[in-house]
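Please keep the sequence and the model in view while reading.

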Amino acid sequence: MKITLLASEGAPYAKSGGLGDVMEALPAALARIPGNQVNLILPYYKKIKENDRYPTELVAQFQVGLGWRRQYAGLMKLQGRTDGVTVYFIDNAYYFGARPGALYGDIDDGERFAFFSKACLDAMAIIGEIPDVIQCNDWQTALVPTFLAAQYRPMFPNTKVMFTIHNIEYQGWCNADFFDDVLELPWEYRTTLDMNGAVNLMKGAIETADLVTTVSKTYAKELMYPYYAHGLDSVIANAAWKLTGITNGIDVGTFNPETDPALPAHFNANSFISGKAACKAALQREVGLPEKPEVPLLVMVTRLAGHKGLDLLCYIARRLLWEQEVQLLILGTGEAQYENFFQGLQAEFPDKVAAKITFDLGLAARIYAGGDIYLMPSKSEPCGLSQMNAMRYGTVPVVHATGGLQDTVPPADDKGQQGLGFTFQSYNGDDFLGALVRCLTLYRNNPNGFHDLQHRGMCQDFSWDKPASAYMALFQQMLAQ
Ligand code: GLC
């Protein structure tokens, strides 16, 4: 099968969050399945262009029409990728080359990604790479099924499009005049894209894609409710017949405590007790916490964004730190209120708290390996990857039972003989603290039970093999439609 994946980010070239990880591992997992030919197209961001490790070859140049605009696009083919995935970048200096900051957040993001979506379709048509299936992701590539249905069908007579929602919170809202000014689609698509008098790119994709997926089974169900759907619940309800949840995997080749080059000591499911102890001591030294093997080290690697449940952690933090002999280590950047809070907390409890307000993949790996308990109280979590990283590295998760957290962390019993982590159902700080205290009780009073829990987490299959076959089954289903 010829499969082309389109996304606004993909590790290792460009990544701001989980989508970037998925776009590294999913194409590779699909390419491992015999008979597949897999392409991935990403924007040619400045930092990719300037990185010597990513040499490219120019394969096509063309103009993309966006309303009255005619914009240059260059199709660059990456050299040297060896896992069977062909990677292309769409080059345009104005939209992607000259923006030094974050990948998203510019005032003309709608236009930038309308350009990207259209350029991907033009590029495939021009080089004659007509896939059986296009898989596109989140609002940035949400226009692809709409453009295809409205304007590109003759070039892609049999191509089916899957749209995958990684987070419904970001929908691609644009002003009403965006429809005529940038998209210039036939008038009947006005209602497809209209939402409350504005243009909503994700809504268009949910309506026009052949199938819609999201990144866990539970999140697929949650999306039916206003609480989770951020205004799109009725759109989702109408599309329920074509919506499926496929829980993400993680890249078990990269995330492997036996080989991870970032770790000071290596271990596997049989040697984790001593291996993790060495990693914990080194981590405590690295982040400036007292080197105390017996004190439980609570860790969190996260974007400091509201939906990650930081308000709950802020709410319980002082009580936790006064009442319990624990250490708390947080790595991440994001909203100033949380950066300030955790820095303040570190100043208040220097022997108990380390706040590393930075983005550091090596330290993240050492935290997964050296931590005892991983906190993830997300308010909503489409899938979440770090709880799986944590379990693979023998760190026990304490999570809010929502979305992918519910699917990947079955609740443990108080002896550690069942489940994979401690969970709480209703989103409030006291319940979060309750789950954490149950986990701490097991840690202190029943080390063998705690080790059993760690061991079970490390033995789980979090690889992409199963999800990749689930994607294949849906691709087949679309092609048979
Ligand atoms: C988004 C979601 C996260 C998910 C990731 C990859 O970042 O917020 O839950 O794991 O996408 O699908």
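## Two packed helices

Helix α13 (residues 310–323) and helix α14 (residues 336–348) pack with their axes 11 Å apart and at an angle of about 10 degrees; axes here are lines fitted to C-alpha atoms, for helices over the stretch in contact, and angles run from 0 to 180 degrees between N-to-C directions. That makes α13 roughly parallel to α14, since angles under 35 degrees count as roughly parallel, over 145 as roughly antiparallel, 65 to 115 as roughly perpendicular and the rest as oblique. Helices (H or I, at least four residues) and strands (E, at least two) are DSSP runs, numbered from the N terminus.

On the α13 side the contact is made by L310, D311, L313, C314, A317, R318 and L321, and on the α14 side by Y338, F341, F342, L345 and E348, where contact means heavy atoms within 4.5 Å. The residues of this contact of α13 with α14 divide into nine nonpolar, three charged and no polar; Ala, Val, Leu, Ile, Met, Phe, Trp, Tyr, Cys and Pro count as nonpolar, Asp, Glu, Lys and Arg as charged, and the others, Gly among them, as polar.

## Basis of the description

This is a predicted model, in which local features need pLDDT of at least 70 and side-chain atom pairs count only at pLDDT 80 or more, while totals for chains, interfaces and linings use all residues. Residues are numbered from 1 along each chain as its sequence is written, and side-chain values use heavy atoms, with hydrogens and water left out.

## Aromatic rings

The structure holds 23 aromatic pairs; rings of Phe, Tyr and Trp (its six-membered ring) pair if their centres lie within 6.5 Å, and planes under 30 degrees apart count as stacked, over 60 as edge-to-face and the rest as tilted. F96 and F116 form an edge-to-face pair, with 6.2 Å from centre to centre and 90 degrees between the planes. This pair links distant parts of the chain, for F96 is in helix α3 (residues 93–97) and F116 is in helix α4 (residues 109–127), 20 residues apart.

Both F96 and F116 are buried, a term for under 20% relative accessible area, with exposed meaning over 50% and partly exposed in between (1.4 Å probe, protein chains only). One aromatic cluster is formed by Y45, Y94, Y95, F96, Y104, F113, F115, F116 and W139. R99 lies over the face of Y94, at 5.4 Å from the ring centre; a charge sits over a ring if NZ of Lys or CZ of Arg is within 6 Å of the ring centre and within 35 degrees of the ring normal.

## Two loop residues

T302 is found in the loop between β13 (297–301) and α13, and it counts as buried because its relative accessibility is 11%. Leaving aside neighbours within four places in sequence, T302 is in contact with K308, L310, L331, G332 and T333.

K415, in the loop between α17 (403–408) and β18 (422–424), counts as exposed at 56% relative accessibility. With neighbours within four places in sequence left aside, K415 is in contact with L442, N446 and G449.

## Backbone features

Most residues other than glycine have a negative phi, and most peptide bonds are trans. A cis peptide bond, with omega of about 0 degrees, joins A11 and P12, and P12 is found in the loop between β1 (2–6) and α1 (18–31). E184, which is not a glycine, has a positive phi of about 50 degrees and is partly exposed, with a relative accessible area of 47%.
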